[in-house]
Amino acid sequence: MILQVITPEKETFDLPVSLPKSYLGKQVHCLFYIEEEAKNISTPVVSSKKPSDFFGILTNEESEKFDKHIQQIRNEWDRNT
């Protein structure tokens, strides 16, 4: 990731940017924003729910499918070591 902070003095300007070779031939995103705009973005409210609030939300069938899926994922992790 490359960060370059600029202060433009007019609406149009040339922005010389040097990119690493690893960026060539790939989509590169450029984002322009004002510092004050970024500070005013509200952050999501953190839920006050506890894990115990979700007890019983899955049916037995859904729970078994979920457990099998988790086991499959864990087996894939173990396979790579």
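## Chatting through an 81-residue chain

User: Hi! What share of the 81 residues in the protein chain is buried?

Analyst: Buried residues make up 0% of the 81 residues in the protein chain. Buried here means under 20% relative accessible area, exposed means over 50%, and partly exposed is in between (1.4 Å probe, protein chains only). Keep in mind that this is a predicted model, where local features need pLDDT of at least 70, side-chain atom pairs count only at pLDDT 80 or more, and totals for chains, interfaces and linings use all residues. Residues are numbered from 1 along each chain as its sequence is written, and side-chain values use heavy atoms, with hydrogens and water left out.

User: Thanks! How many helices and strands are there?

Analyst: The protein chain has 2 helices and 0 strands. Those are DSSP runs numbered from the N terminus, with helices (H or I) of at least four residues and strands (E) of at least two.

User: And why is the chain called more spread out than a compact globule?

Analyst: Because its radius of gyration is 24 Å, well over the 12 Å that the globule rule gives for 81 residues. The radius is taken over C-alpha atoms, and the rule is 2.2 Å times the number of residues to the power 0.38. Along the principal axes, the C-alpha trace spans about 65 × 35 × 20 Å.

User: Which residues form the nonpolar patch on the surface?

Analyst: That patch consists of I2, I6, F13, L15, V17, L19, V28 and F32, together giving about 680 Å² of accessible area. Patch residues have over 30% relative accessible area and no salt bridge; nonpolar side chains (Val, Leu, Ile, Met, Phe, Trp, Tyr) are joined within 5 Å, like charges within 9 Å. A salt bridge is a side-chain nitrogen of Lys or Arg within 4 Å of a carboxyl oxygen of Asp or Glu. Areas come from the Shrake-Rupley method with a 1.4 Å probe, and for residues only the protein chains shown count as cover.

User: Where is L19?

Analyst: L19 sits in the segment before α1 (35-39). With a relative accessible area of 40%, L19 is partly exposed. Its C-alpha is 37 Å from that of V45, 26 residues apart along the chain.

User: Switching topic, which residues make up the negative surface patch?

Analyst: E61, E62, E64 and D67. D67 belongs to helix α2 (residues 60-79) and is partly exposed at 46%.

User: Last one: is L24 buried or exposed?

Analyst: L24 is exposed, with a relative accessible area of 57%. L24 and T59 are 35 residues apart in sequence and 50 Å apart in space, C-alpha to C-alpha.

Terms used: Lys, Arg positive; Asp, Glu negative; His and termini not counted. Charge placed at Lys NZ, Arg CZ, Asp CG, Glu CD.
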